[in-house]
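Welcome! Try each task before you read its solution.

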Amino acid sequence: MMETKKAIDRLIDIIGRDKVFSDEGYLSAYSYDSTNIFLKPDVVVFPTCEGDVINILKTASEFSLPVVARGAGTSRSGGPLATRGGILISFTKMNRIKEIDRVNMCAVVEPGVVTSDLNEEAKRFGLYYPPDPSSFRVSTIGGNISHNAGGIHAVKYGVTKNYLLGMRVVLMDGSLVLLGGRVMKSVVGYDLMRLICGSEGTLAVITEATLRLIPRPECKALVVIPFEREYEWIETIQHILQSGVLPCSIEYMDSMCISANKRVSEYAIFNKQKIESIVFVELDGNRKSVEFEIEKIKGILNLNNRKDYLSSLDTSEIERFWDIRRDISPSLNSVGRYRIADDVSIPLSNLKPAMIELKDFAKENGYRIAVFGHAGDSNLHINYLFDSQSDMEQHFEKIMDRISEVVLRYNGSISGEHGIGILKRNYSEKELDANAIRLMKEIKKIFDPKGLLNPGKIFK
Ligand SMILES: Cc1cc2nc3c(=O)[nH]c(=O)nc-3n(C[C@H](O)[C@H](O)[C@H](O)COP(=O)(O)OP(=O)(O)OC[C@H]3O[C@@H](n4cnc5c(N)ncnc54)[C@H](O)[C@@H]3O)c2cc1C
């Protein structure tokens with residue numbers, strides 16, 4: 001405790017009293033993320049520049065204090081939680097968009113920039129930053145890079161790592177490392193940038209990122225398809241994906257998500273018969289190509305004997321439909337306030353048997369289950385819902401054991417986009433190859449020999 005006190009005094013001396021907080025209010029406010037786990041740091045710091053970050057890490061290293069970086073705290077896996085106390089670095093004050101480079105089509109940003117703010121700024125230049133986790137209105141670029149965030153447009157545009165051109169990072173000993181630049185192609189040495197991307201803040205602290213932007217698509221269209229039978233949608237999206245049309249988004253919701261979501265009943269298309277699932281297919285590009293692709297999808301739906309679908313090119317109507325998708329997660333609170341929200345990827349060919357097993361498991365045990373997610377890249381969010389935290393905790397291990405067993409047996413991955421963090425650290429070694437685990441642990445030792453950077457994450 002004495003060492004912590006000395007480290008806090010040192011931090012106040014070096015970066016200033018107005019950036020260092022250790023009173024109870026601050027510690028509690030920074031002890032949570034989107035899981036139901038609460039872990040307090042010993043001190044919260046708010047750097048305003050890269051120099052501050054270097055000084056914070058040098059101090060932490062000298063006093064052997066653990067460090068955890070935090071963006072907006074929307075992680076669903078416990079990523080920004082201080083498992084062993086220590087220093088929590090909040091990046092809320094390093095939130096400048098430093099440059100939009102129109103010619104090279106890229107942006108230079110600090111890690112605390114909110115994802116949607118970058119997109120709004122890019123829009124002013126006719127440009128677009130595609131990675132958009134559903135949390136994009138609050139999540140930060142630093143958090144997105146550390147979790148290699150995906151989003152509803154990943155099926156066409158890929159995930160965060162596909163947009164990384166350059167990065168400035170600080171290692172645990174305070175040394176600054178410059179990676180990449182402003183070019184899309186570079187094969188000089190090992191790709192440390194993409195190693196750090198997705199490493200959940202366990203290898204280095206990001207202080208700046210240069211991100212690729214692309215021209216903004218001129219037009220969007222949405223095809224909304226209700227299904228009366230539970231797993232019919234899988235074959236239909238398989239046909240769409242094989243048709244040569246590449247939608248920018250294919251999102252799915254099951255009957256529990258539909259019945260919990262009050263907005264659904266506002267639309268006539270969903271009231272004609274009992275619906276088991278809904279799929280949204282979004283297309284983008286220039287108007288002619290989008291119109292052509294809508295016709296192609298209509299052809300596929302007709303061949304599949306689907307009559308009750310709707311297509312729209314009207315931006316405000318499309319946005320209203322997307323509100324249904326955005327409302328899924330909050331509306332599930334009415335089914336169960338506490339949830340085990342898993343995030344898995346399963347090959348399309350195995351989706352149906354895997355989902356049947358997971359739903360049967362829920363039925364056998366009397367669990368309420370709701371499934372939705374990014375069907376286009378087979379990344380689904382499986383939610384088991386409970387009325388109380390104790391109920392949820394009591395069933396946590398049994399449910400996580402079963403999900404990981406089923407997902408791995410069907411050649412899937414236990415985390416599509418939310419990361420491992422604390423929540424799934426007991427399961428990462430079940431998915432990874434033994435030699436891959438050995439390499440990963442050795443890499444961690446090279447970056448952070450004392451194991452101080454975001455300890456207790458990814459591995460047991
Ligand atoms: C409603 C909801 C919807 C979501 N939808 C999606 C989705 O569609 N797709 C998706 O991928 N995720 C989704 N998520 C999960 C989450 O929003 C993402 O993982 C997001 O990228 C986290 O960003 P953040 O700024 O909140 O980071 P935090 O939660 O604060 O941190 C996440 C990780 O990043 C590390 N970190 C943060 N900043 C830095 C830095 N500067 N340097 C090094 N490490 C750092 C932290 O230590 C932690 O390990 C969703 C979450 C919620 C609550």
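## Exercise 1: Around the ligand

Task: in this predicted model, find which atom of serine 135 lies 2.5 Å from an oxygen atom of the ligand.

Solution. Start at serine 135: a polar atom of its side chain is 2.5 Å from a ligand oxygen. Next, see how far the protein covers the ligand: taken alone, the ligand exposes 980 Å², and the protein buries 94% of that. Then turn to the elements that give two or more residues to the shell, which are strand E3 (67-70), helix H5 (141-146) and strand E10 (205-212). H5 supplies the largest share, four residues.

## Exercise 2: Backbone contacts and the shell

Task: find how many residues surround the ligand, and what distance separates a backbone N or O atom of glycine 71 from a ligand oxygen.

Solution. First, the count: 35 residues surround the ligand, with Ala69, Gly71, Thr74, Ser135 and Thr140 the closest. Second, sort the shell residues: 11 are nonpolar, 20 polar and four charged. Third, the glycine 71 backbone atom lies 2.7 Å from an oxygen atom of the ligand.

## Exercise 3: A positive phi

Task: decide whether asparagine 305 is buried or exposed.

Solution. Locate asparagine 305 in the loop between helix H10 (287-303) and strand E15 (310-312). Its phi is positive, near 60 degrees. Most residues other than glycine have a negative phi. Finally, asparagine 305 counts as exposed because its relative accessibility is 60%, and exposed means over 50%.

Definitions and conventions:
Residues are numbered from 1 along each chain as its sequence is written. This is a predicted model: local features need pLDDT of at least 70, side-chain atom pairs count only at pLDDT 80 or more; totals for chains, interfaces and linings use all residues. Side-chain values use heavy atoms; hydrogens and water are left out. A residue is near a molecule or strand if one of its heavy atoms lies within 4 Å of it. A polar contact is a pair of N or O atoms within 3.5 Å; within protein, one must be able to donate a hydrogen and the other to accept it, and residues adjacent in sequence count only if both atoms are side-chain atoms. Accessible areas come from the Shrake-Rupley method with a 1.4 Å probe; for residues, only the protein chains shown count as cover. Ala, Val, Leu, Ile, Met, Phe, Trp, Tyr, Cys and Pro count as nonpolar, Asp, Glu, Lys and Arg as charged, and the others, Gly among them, as polar. Buried means under 20% relative accessible area, exposed over 50%, partly exposed in between (1.4 Å probe, protein chains only).
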